[in-house]
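Keep the sequence and the 3D view side by side as you read.

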Amino acid sequence: LRVVRVRVGSDSELKVEKDGVSDNESKVDSGVPEVPVPPDDTPEVLNKALSGLSSRWKNWWVRGILTLAMISFFFFIIYLGPMVLMMIVLCVQIKCFHEIITIGYSVYHSYHLPWFRTLSWYFLLCVNYFFYGETVTDYFFTLVQREEPLRILSKYHRFISFALYLTGFCMFVLSLVKKHYRLQFYMFGWTHVTLLIVVTQSHLIIHNLFEGMIWFIVPISCVICNDIMAYMFGFFFGRTPLIKLSPKKTWEGFIGGFFSTIVFGIMLSYVMAGYRCFVCPVEFNNDSNSFQVDCEPSDLFQLQDYALPSVLESVTGWTTVRLYPFQIHSIALSTFASIVGPFGGFFASGFKRAFKIKDFANTIPGHGGIMDRFDCQYLMATFVNVYIASFIRGPNPSKVIQQLLALRADQQLHIFNSLKAHLIEKGLLPALEEAAA
C-alpha cells in the first residue's frame, strides 16, 4: 500500500508526501510557481499624454509609438553593417536567455539551492563558444590559418567545447542536494531547452546573414509586418477568436495579416533585389581584414520574364510579367511567416499561461520583454536556414579552395592530378587550353 500523509500547516496550505517524495519536489510537477509580476514601466511622458484615453486605446498608442521606434532602430543597425547586426543578434540572444532563465530562477530561488543561475550562464557561454567557434572556422578560414593561436584553437575546437561542457556537467552533479533531486533535474532540463530554443536558432540567424543581408532582412521584416497587420486587423475588425492560448488573437487579424504579409514580402523583395549590398554574400576580405559585400548577382537576383496563367492574363491583359526569382521565394517566406510563424507566439503564450504571467519581462512598454518580440523570429530563422540549404545553396568554390590550401603539398598535388585526369576524361581540359592559347 502507498503511504499518504496529509498535514495542514498554519497557513492553511495543503502539503502531501508520497513514497518519501517531499512536497517541495511534487510542487514542481503539480503546482504553478509564483512569478513576480513586473510593474508598468510606460514612460511618464506617454502616461500624461494619453491619460484621457481608455486603456484599450492607450495600449494601442503606446504599442504604435514603440513599434515605430523599434523599426527605426532596425533600419539604423542595418545601415551600420553586418558586423553590428551580428553583435545585436548576440545581445538579443543573451537578453532572451536572461528573461526565460529569470522565470526559472523565480521557482528555483525559493529553495535556496546552489549554482542554478551560475551554471545556466556557464552553459550559455559554452554553447556560444562552440557555435561561434564553428562560424569563425567556416567563414574566416584563411585568417584562422594565418594566426598560429587561432589555428590551434580551431584544430581542437570541438574537444575544447566538449571539455567545457563536461566541466559544467560535473559541477551540476556535485551541486545535487538530497530531497531536491527532481527539482534540480527539472531546472537542468529548463536550461538546456532554453539553450536549444534561443542560442541554436540565433546562430542560424547569423548563418542566414552570411548568405546575404536580404536573407536576414526580408524574413525578419515579414514577421514584423505580419505581427503589425494582424494586430491592426484584429484591433479594428476582430470578432472571431482564433485560439484559446491567445484570446486576443482573431481570425480576422490572422487572415488580414496573411494577405498583407504576402504583398509586403513581394514588394520589399523587389526593392532589395536590385542592390548588391543586400543580395551578395557577406564575406571576409583577408587583405583589408574587414567584411565586404560585393559580387556579380546570381540569377536569383536577375529580372526575368514569367508567363502569366490564362486567368490572370484575362484579368490584367498582360501576357508576361518581369520579376526577380527571389520574389517567388519571398512568397514562401511570407507564407511561413504569416501561417506557421504565429505558432511560435502561441507556444510562448502557452508558456506564459503556465506560469501565470502576462509577459516575459517589461523591457519594452506595451510590448513586454525582448522574448515577447522574438518568439516568432526564432522559428522563422530555422525555416529560412532549412529553406536555403534545401532549395538555394549550392557548392561554394571559394570554401573548397580554402580547404585545399590548408592541405599538405603532396595532398594538393594528388588532388590536382586527379582533377586534371577528370577534366581530360570529360573533354574540358583541351577546350580550356585552347581558350588560354
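K179 is found in the loop between α8 (157-175) and α9. Helices (H or I, at least four residues) and strands (E, at least two) are DSSP runs, numbered from the N terminus. The model is predicted, so local features need pLDDT of at least 70 and side-chain atom pairs count only at pLDDT 80 or more, while totals for chains, interfaces and linings use all residues. Residues are numbered from 1 along each chain as its sequence is written, and side-chain values use heavy atoms, with hydrogens and water left out.

K179 is not a glycine, yet its phi is positive, at about 75°. K179 counts as exposed because its relative accessible area is 56%. Buried means under 20% relative accessible area, exposed over 50%, and partly exposed in between (1.4 Å probe, protein chains only). Another loop, between α15 (342-354) and α16, holds K356. K356 is not a glycine either, and has a positive phi of about 55°. With a relative accessible area of 64%, K356 is exposed.

Now the whole chain. It has 19 helices and 8 strands. Of its 437 residues, 38% count as buried. Take contacts (heavy atoms within 4.5 Å) between residues at least 6 apart in sequence: 68% of them join residues at least 24 apart.

An unreviewed entry lists residues 60-79, 85-108, 115-132, 159-177, 184-206, 212-238, 250-273 and 326-348 under "transmembrane region". UniProt positions are given in the numbering used here, feature names are shortened, and annotations may be inferred rather than shown by experiment. What does the model show over residues 60-79? The chain there is 100% helix and 0% strand, with its end C-alpha atoms 29 Å apart. Over residues 212-238, the chain is 93% helix and 0% strand, and the end C-alpha atoms are 37 Å apart.

Next, the interior. A nonpolar core is a set of buried Ala, Val, Leu, Ile, Met, Phe, Trp, Tyr and Cys residues joined through side-chain atoms within 4.5 Å. The largest one here has 73 residues, and I214, W215, F216, V218, F301 and F326 touch the most other members. The elements that give two or more residues to this core are α3 (55-80), α4 (82-108), α5 (116-139), α9 (181-210), α10 (213-237), α11 (251-272), α14 (325-340) and α16 (370-392). Which of them gives the most? It is α9, with 11 residues.

Not counting residues up to four places away in sequence, W215 touches N208, L300, F301, F326, L333, V384, Y387, I388 and I392.

Follow α10 to its contact with α11. The axes of α10 and α11 come within 7 Å and cross at roughly 145°. Axes are lines fitted to C-alpha atoms, for helices over the stretch in contact, and angles run from 0 to 180 degrees between N-to-C directions. The crossing of α10 past α11 is right-handed. A crossing is left-handed if the near helix is turned anticlockwise from the far one by less than a right angle, and right-handed if clockwise. On the α10 side, the residues that meet α11 include I214, V218, C222, M229 and F233. Among their counterparts in α11 are G253, G257, F264, L268 and M272. By class, this contact has 13 nonpolar, 10 polar and 1 charged residues. Ala, Val, Leu, Ile, Met, Phe, Trp, Tyr, Cys and Pro count as nonpolar, Asp, Glu, Lys and Arg as charged, and the others, Gly among them, as polar.

Stay in α10 for I220. Is I220 buried or exposed? I220 counts as buried because its relative accessibility is 14%. Not counting residues up to four places away in sequence, I220 touches F74 and Q377. I220 and M380 are 160 residues apart in sequence, but 7.7 Å apart in space, C-alpha to C-alpha.

T67 sits in helix α3. T67 is buried, with a relative accessible area of 15%.

A163 lies in helix α8, and has 31% relative accessibility, so A163 counts as partly exposed. C126 is 37 residues from A163 in sequence and 9.4 Å away in space, C-alpha to C-alpha. F343, in helix α15, counts as partly exposed at 48% relative accessibility. Between F343 and D375 there are 8.9 Å in space, C-alpha to C-alpha, and the two are 32 residues apart in sequence.
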